[in-house]
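Hello,

Here is the structure for you to look over. My notes follow below it.

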Amino acid sequence: MRTVIYARYSTDRQRESSIDDQISICRYRAESDGGTVIDVYCDDATSGSTPVTQRTGGARLIADALAGKFDVLIVEGLDRLSRDQVEQERIVRRMEHRGIMIVGVADGYDSRMGARKIMRGVRGLINELYLDDLRHKTHRGQAGQVERGFVAGGKSYGYKTIKSDAGSTFAIDEYQANWIRWIFQEYADGRSAQRIAHELNRLTVKSPRGGTWAVSAIYGSPKKGSGILNNALYNGIYVWNRSQWVKDPDTGKRQRIDRPENEWKISPMPHLRIVPDELWRKVQQRLANQRQTSGKGRGRPAKTLFGGLLTCPYCGGAIVAINTKLYGCANRKDRGLAVCKGISVSRQATDAALLGVLHENLLADVCNIEAKVREIINDHKPAKDAPKTRIAELDAEITHLVNAIATIGVSETLAARLKIAETERALLKKSINTQPLDVTPAEIAALVRQHLDN
């Protein structure tokens, strides 16, 4: 039987060799059952909570399963497919409904078992509880460390992490601390965050991520406490548990959710203060005044035809609307001349020129449309006794793919397969229909021109 293997390892105390170990035991099981391994799907350093269709190997596995490419799937255990009970059940049911047999080498799952649904349900619950328990224990351990005077979470700019057997603490990085004080003083003196970013880049000061400075790194979000100007640790106050990451059940993507303020862990750490209290209060007052005076539309992305689709010829960055009249380099606007000398062009003239080019290119071959259609049909015309059989096969494949998309959403792999199948079916149906065209080439060209103009 046509057999495939799926292997995955997460980043939780596992190694890359874990993939090889999984494949090895799965191959041995396939050989024992008399199967022929025709493909292996792998996902490295991928959590079991990540939806299968958002993994490289997992997406290809699902697409091939729905296309009927294999008969047997062997995994080390069902938790390799997913640690989410609902998703695991959905995947297994979909495959078994299509006659695919699933075998779990380590957990003993086998689609031929009479009690497989009970075993699947129990294993799925255990796998999901494992993640919940791990998440709870990790959070509990971090909370305990914070209560004992240690720190949890990522390091802030201006500090070094000092690790010990008891836990981690921060120590002030004097070089970075000097720049933090400089940023606060410049902002308190009336400089904008944009101007400060430009000057830091001119002075070749490395940003928190090691690159160039952007406005977002300085101003950040007052609500989230992000950005240099909003980091309470510079005022000697450590805030932890401000937010959490939650997976959206519809998209499978993680979203940052703010926690209620009464759940925050706030610990005074005066030894980590970098900014003097008076300077801190002056900056926070200016930030508060700006939030009160800014308009409702301030900060919203500009709506333009080509903003973000063009690139700067000097730095390769995005070309965006820098004001109501001009397109310009986003890096020049946000990071300054030290990063890019920039470019600015009229939005009105650019839109008109690019639309003109698109219009000209789209309509260039309208007169030859009938010949092109006939050429495509002739190139793809199958043998006389094959089209109807092939169309029936394509109808079944398209139905499977549409059902898959309706169930799990669109992925690049599924969308590509569906497009290929629909194109082939359309060409086959045209080849069967031998009736002459009832419109003239001129009418075809006019119709195409009208659609393209619209």
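This is a predicted model: local features need pLDDT of at least 70, side-chain atom pairs count only at pLDDT 80 or more; totals for chains, interfaces and linings use all residues.

Glu-199 pairs with Arg-202 in a salt bridge, 2.6 Å from N to O. The two sit three residues apart in helix H7, so about one helical turn separates them. Arg-202 counts as exposed, at 52% relative accessibility.

Other salt bridges. The count comes to 23. Asp-39 and Arg-60 meet at 3.1 Å, N to O. That pair links distant parts of the chain: Asp-39 is in strand S2, Arg-60 in helix H2, 21 residues apart. Asp-39 is partly exposed at 24%, and Arg-60 is partly exposed at 34%. Arg-80 and Asp-79 also form a salt bridge, with the closest N and O atoms 3.2 Å apart. Both Arg-80 and Asp-79 are buried.

Helix packing. H4 (residues 85–97) packs on H5 (residues 116–147) at about 150°, axes 9 Å apart. The crossing is right-handed. The contact residues divide into three nonpolar, five polar and six charged. Glu-89, Arg-93 and Glu-96 in H4 are among those that meet H5 residues, including Arg-116 and Arg-120. Salt bridges with shared partners join these five, Glu-89, Arg-93, Glu-96, Arg-116 and Arg-120, into one network.

Cores. The largest nonpolar core has 35 residues. Phe-184, Trp-213, Ile-218, Tyr-234 and Tyr-238 have the most contacts inside it. Helix H6 gives the most to this core, seven residues. Another core, of 31 residues, lies apart from it, with Leu-78 and Ile-91 among its members.

Best wishes

Conventions:
Residues are numbered from 1 along each chain as its sequence is written. Side-chain values use heavy atoms; hydrogens and water are left out. Axes are lines fitted to C-alpha atoms, for helices over the stretch in contact, and angles run from 0 to 180 degrees between N-to-C directions. Helices (H or I, at least four residues) and strands (E, at least two) are DSSP runs, numbered from the N terminus. A crossing is left-handed if the near helix is turned anticlockwise from the far one by less than a right angle, and right-handed if clockwise. Contact means heavy atoms within 4.5 Å. Ala, Val, Leu, Ile, Met, Phe, Trp, Tyr, Cys and Pro count as nonpolar, Asp, Glu, Lys and Arg as charged, and the others, Gly among them, as polar. A nonpolar core is a set of buried Ala, Val, Leu, Ile, Met, Phe, Trp, Tyr and Cys residues joined through side-chain atoms within 4.5 Å. Buried means under 20% relative accessible area, exposed over 50%, partly exposed in between (1.4 Å probe, protein chains only). A salt bridge is a side-chain nitrogen of Lys or Arg within 4 Å of a carboxyl oxygen of Asp or Glu.
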